[in-house]
Amino acid sequence: EKDKELIRGSWESLGKNKVSHGVVMFSRLFELEPALLNLFHYNTNCSPTQDCLSSPEFLDHVTKVMLVIDAAVSHLDDLHTLEDFLLNLGKKHQTVGVNTQSFAVVGESLLYMLQCSLGHGYTGPLRQAWLNMYTIVVAAMSRGWAK
Ligand code: HEM
């Protein structure tokens, strides 16, 4: 219950600017794992990374990711209702060439974004609460990936 309060409380402000926070998250992701950029076949042919992140196609995916996180936050009491959706989403990422280890790097990038935007509000318990939720989401995606 404490976890849910921490997540909801922090998402209340972050969720208002999903795309800009998502861009911070994905900038970090591409910094940690630049090869992931190649999996987006948007043929925007962009470099440096920062240009990619401002292209409509990338912003579109960033938005999609943030909406999945938003859905998870809204369904903290019944995350299992997202199971089928997340299984399919994992499968989709298997077909586009994302491997499951990269999901963990997205998790790191998510925490990085939280730290940047929450400042002192980024506490140990808050970090753990987000990590717990993200782990559940990624576990379902990974099951779908392997199916
Ligand atoms: C679709 C890449 C992580 C949510 C896609 C597509 C690519 C992609 C290439 C297909 C093109 C598109 O729809 O834009 C990646 C990479 C990731 C990643 C490289 C980093 C590991 C995630 C995560 C989530 C997510 C963590 C959500 C938690 C989505 C959604 C779609 C999508 C909702 C659309 C699926 C559909 O069309 O049915 N992703 N993705 N992605 N991704 Fe990701």
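How many residues does helix α4 have, and how far does α4 reach from its first C-alpha to its last? The views below come from a predicted model, in which local features need pLDDT of at least 70, side-chain atom pairs count only at pLDDT 80 or more, and totals for chains, interfaces and linings use all residues. Residues are numbered from 1 along each chain as its sequence is written, and side-chain values use heavy atoms, without hydrogens and water.

**View 1. Helix α4, residues 56-74.** Helix α4 has 19 residues and reaches 26 Å, close to the 27 Å expected at 1.5 Å a residue (1.5 Å times one less than the number of residues). Helices are DSSP runs of H or I, at least four residues, numbered from the N terminus.

**View 2. The iron atom of the ligand.** H61 (NE2) and H93 (NE2) coordinate the iron atom at 2.0 Å (donors are N, O and S atoms within 2.8 Å of the metal, or 3.2 Å for Na, K and Ca). H61 lies in helix α4 and H93 in helix α5, 32 residues apart. Both H61 and H93 are buried.

How values were computed: Helix = DSSP H or I, 4+ residues; strand = E, 2+ residues; numbered from the N terminus. Buried < 20%, exposed > 50% of the residue type's maximum accessible area, 1.4 Å probe, protein only.
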